[in-house]
Amino acid sequence: MKKIESVKEFGGWLNRYEHQSTSCHCTMTFSVYLPPQAETEKVPAVYWLSGLTCTDDNFRTKAGAQRYAAELGLALIMPDTSPRGDDVADDPNRYDLGKGAGFYVNATQAPWSTHYQMYDYVAAELPALIEAHLPVLPGIKSISGHSMGGHGALICALKEKGAYRSVSAFSPICHPVKCPWGEGCFGAYLGDDKEQWKAYDATELIMAGHSAIPVLIDQGTNDEFLAEQLFPQDLQAAYEEQGGSVTLRMQEGYDHSYHFIATFIGEHLAYHAKALRG
């Protein structure tokens, strides 16, 4: 774990690290914001999973989250969205498959399976690394994300029972087995058996009886991907059928961009801080 960048912000430090991943079999990069409170005590952590085409850089430069994290005493953990490197499989003709589009699954199909083990990376390897080397409280963590990363946050919280104190998402891909983005990536990474896909689909997990951790979702009404790709209504219906609690806030006029995320990120971090400190 090598620190490759450090910038002071709001009394804390925005650091970037790289390390050799045992899950993804390549050098992975991630960013961490340590609030000023981390100088004297261990702090809770919020993991942020980004969307298609992103790296760890998008959230840390566009969301304005560090100001709120400093006030609330939260560490922000920002992994990359896929494996990287010359030996990593990719489809240069598509933005929604390969590098930048790991979809937070463990790929089973060649050539993707060698490196695309993003579920294990974000759910197990990275938290263990963070907790071993940085001043964060062991096991006291929450998770959030945007679009493909919102999907990742939801499945991590649902599949890893008790691992996260809270979960939230912006414009998440809620039912990937029935949307073009999900079908394209799941078919490549997981093969043709659609039953196998359901293990990485939040709506299907709830329908199958997974423990329905309460979730906060913000969704813009002017999101260009809402009708074809996201299906928040499916997740809401599944939660209601299982007696779970989902807060789906349809935000009038907002789109799919980081302008939307920056508007409400403070409320999401406050939501997580309450759960983490409770």
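Q: In the hairpin of strand 2 and strand 3, which residue takes a positive phi?
A: His25, with a phi near 55°. That hairpin has six residues between its strands. Strands here are DSSP runs of E, at least two residues, and helices are runs of H or I, at least four, numbered from the N terminus.

Q: Where did these values come from?
A: The model is predicted: local features need pLDDT of at least 70, side-chain atom pairs count only at pLDDT 80 or more, and totals for chains, interfaces and linings use all residues. Residues are numbered from 1 along each chain as its sequence is written, and side-chain values use heavy atoms, leaving out hydrogens and water.

Q: How many bridges do strand 2 and strand 3 have?
A: Eight, in the antiparallel sense, with strand 3 covering residues 27–34. Gln20 is opposite Thr27 of strand 3. Two strands count as paired if DSSP finds at least two bridges between them.

Q: And what sits in the turn between strand 1 and strand 2?
A: Phe10, with a positive phi of about 50°. Two residues separate the strands of this hairpin.

Q: Switching to helix 9, which residues are buried?
A: Pro232, Asp234, Leu235, Ala238 and Tyr239. Buried means under 20% relative accessible area, exposed over 50%, and partly exposed in between (1.4 Å probe, protein chains only).

Q: Why are they on the same side of helix 9?
A: Because they cover an arc of only 160° around the axis, taken from the directions from the helix axis to the C-beta atoms.

Q: What about the other side of helix 9?
A: Glu240 and Glu241 are exposed there.
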